[in-house]
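Trainee: I would like to learn how to read side-chain features in a model. Can we work through one together?

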Amino acid sequence: MTPEKRKLVTDSFNRSETLKFYKAELLEVDTDFVSIKIPKMEMMTRKAGMFNGAMIASLVDVSSGYAAVSHYAEDCYVVTVELKVNYLRPAMGDALVSKSYVIKGGTKISVIRTEIYVRNENSDLESHVATSLVTMMKIR
């Protein structure tokens, strides 16, 4: 990934009001790969303390979109065509971490696999809580 493309992705991430609201952190960005971390906040959880499924799906969507954008050499804009999430276990932890991989990058359509993990503050161990397949379309 060129430094210019990395700056475009990072700048876009840093401008997002939603990601600021979620206190999201861009952990890693490279061609065909993005990782994002979101710390737990009360509004993101169910009564039992696990992350809400909607929060996980939101992270899948955002992370997959940035991964798709990272695939293209030029600046572009993508939209979600299809998003499927399989919830594997309750997301009990201090933060959600996404890892999004472009598995098929086309000229207009890209397919991204995003894995969601929970991480605890006192450990680097991650627990796999969701897996997804997302189709994105480049519109600009």
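**Rings, charges and a buried lysine**

Mentor: Start with tyrosine 22: buried, at 17% relative accessible area. Buried means under 20%, exposed over 50%, partly exposed in between (1.4 Å probe, protein chains only). This is a predicted model: local features need pLDDT of at least 70, side-chain atom pairs count only at pLDDT 80 or more, and totals for chains, interfaces and linings use all residues. Residues are numbered from 1 along each chain as its sequence is written, and side-chain values use heavy atoms, leaving out hydrogens and water.

Trainee: How many aromatic pairs does a search of the whole structure find?

Mentor: Rings of Phe, Tyr and Trp (its six-membered ring) pair if their centres lie within 6.5 Å; planes under 30 degrees apart are stacked, over 60 edge-to-face, the rest tilted. The search finds three. One of them joins phenylalanine 21 and tyrosine 22: tilted, 6.0 Å centre to centre, 45° between the planes. Phenylalanine 21 is exposed, at 52%.

Trainee: Which ring does the charged end of lysine 138 sit over?

Mentor: The test is NZ of Lys or CZ of Arg within 6 Å of the ring centre and within 35 degrees of the ring normal. Lysine 138 sits over tyrosine 72, 4.7 Å from the ring centre. Lysine 99 lies over the face of tyrosine 117, at 4.8 Å.

Trainee: Which side chain of opposite charge is nearest to lysine 5?

Mentor: A salt bridge needs a side-chain nitrogen of Lys or Arg within 4 Å of a carboxyl oxygen of Asp or Glu. For buried lysine 5, the nearest is aspartate 75, 5.2 Å away, and there is no salt bridge. A polar atom of the lysine 5 side chain lies 2.9 Å from the backbone oxygen of tyrosine 72.

Conventions: Lys, Arg positive; Asp, Glu negative; His and termini not counted. Polar contact = N/O pair within 3.5 Å; in protein donor to acceptor, adjacent residues only side chain to side chain.
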